[in-house]
Amino acid sequence: MTSAPAVGLFVVFEGGDGAGKSTQARLLVDVLRSRGHEVVLTREPGGTPAAEAIRDVVLDPRYAGLDDRAEALLFAASRGEHVASLIRPALARGAVVISDRYTDSSIAYQGIARGLGAEVVAEINLWATRGLLPDLTVVLDVDAGTGLARLESAPDRLEVEPEEFHATVVAAFRDLAAAEPERYLVLPAHDAVETIAAAVLARLDPLLPPAEPDQLSATGAGKPAVDQSREGAGSA
Ligand code: TYD
């Protein structure tokens, strides 16, 4: 099966828990909307009602001990639904889609840290998403201990894993980025929020699709005409 070619821009924020992804994603949304882009902010696992229902299961600490392969498949199932129902339609409209996490989280957490294997996890997710890859992935690089200490809400089923697990996740993101530098931007998460935001914008500038002037005139600068996301749902 083939899908419509993407004409928008697909940007993903990745990083260990507590890296500050959600803050950076929101800042980027604000600046792009103020320039007249249609921006869809979303997150994984989740992003659509069915995918959010899967999120509720896969992150619930009551299901401690959930089988590793079942876990990987639930993340992939959530992603497949998210891509088909929200991300591809938005890209086809020419929107900028910003997702808090995507397939690299599955490769880092399930493939590497759980030990299922990066290749098989990548393959499952390519199948689930019909091959959709981000145009740019921003990795916010945080030491595992620092990231975990920054978490404010009750830990989910992955966050309760020991610090070594999270250190493996952080190293996996670094390795993924190092292997394909043209598709990644790695930034130290301890830099000032504004410094990180400026670096992200500078890298994205040449990649952005044309802004839509009617987005500005119809809604007022800085306000979206379309917003299908569950904004502010993530904390890190
Ligand atoms: P996230 O929403 O970033 O956590 P929070 O907003 O609560 O900080 O991600 C939820 C958790 O799910 C996080 O610990 C990473 C994990 N995760 C995976 O293990 N695999 C995946 O494919 C995804 C998307 C997330």
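Predicted model: local features only at pLDDT ≥ 70, side-chain atom pairs only at ≥ 80, totals over all residues.
The chain contains 9 helices and 5 strands. Read from the N terminus, these elements follow the order β-α-β-α-α-β-α-α-β-α-α-β-α-α. The chain has 236 residues, of which 44% count as buried. Among contacts between residues at least 6 apart in sequence, 82% join residues at least 24 apart.

The 5 strands form an open sheet in the order E2-E3-E1-E4-E5, and the pairing is parallel. Strand E2 (39–43) and strand E5 (184–188) each have a single partner strand and therefore stand at the edges, with one side of each left without a neighbour in the sheet. From one strand to the next, the twist averages 20°. In general, strands of a sheet pair through backbone hydrogen bonds, either parallel or antiparallel.

The individual pairings can be set out strand by strand. E2 pairs with strand E3 (residues 96–100) in the parallel sense, over 5 bridges; within this pairing, Leu 41 has Ile 98 of E3 as its bridge partner. E3 is also joined to E1 by 5 bridges, and these two strands run parallel. Here the bridge partner of Leu 9 is Val 96 in E3. E1 pairs in turn with E4, again in the parallel sense and over 5 bridges, and Phe 13 has Val 138 of E4 as its bridge partner.

Strand E1 is mostly covered, with 7 of its 7 residues buried. In a regular strand the side chains alternate between the two faces of the sheet. In E1, Leu 9, Val 11, Phe 13 and Gly 15 point one way, whereas Phe 10, Val 12 and Glu 14 point the other way; all are buried. Two packed helices are described by the angle between their axes and the distance between the axes. H3 and H4 pack at an angle of about 175°, and their axes are 10 Å apart. This angle makes H3 roughly antiparallel to H4. On the H3 side, the contact is made by Asp 68, Glu 71, Ala 72, Phe 75, Ala 76 and Arg 79, and on the H4 side by Thr 103, Ser 106 and Gln 110. By residue class, the contact of H3 with H4 comprises 3 nonpolar, 3 polar and 3 charged residues.

In helix H5 (residues 118–128), the buried residues are Val 121, Ile 124, Asn 125 and Ala 128. These residues lie on the same side of H5, because they cover an arc of only 95° around the axis. An α-helix has 3.6 residues a turn, so residues three or four places apart point the same way. The other side of H5 carries Glu 119, Glu 123 and Trp 127, which are exposed. The buried residues of H5 pack against helix H3 (68–93) and helix H4 (103–113). Just after H5, Arg 130 adopts a positive phi of about 50°.

Note on methods
Residues numbered from 1 in each chain as written. Pairing = 2+ DSSP bridges. Helix = DSSP H or I, 4+ residues; strand = E, 2+ residues; numbered from the N terminus. Axes fitted to C-alpha atoms, helices over the stretch in contact; angles between N-to-C directions. Buried ≥ 20, exposed ≤ 12 C-beta atoms within 10 Å, placed from the backbone. Arc of directions from axis to C-beta. Contact = placed C-beta atoms within 7 Å. Parallel < 35°, antiparallel > 145°, perpendicular 65-115°, else oblique. Nonpolar A, V, L, I, M, F, W, Y, C, P; charged D, E, K, R; others polar.
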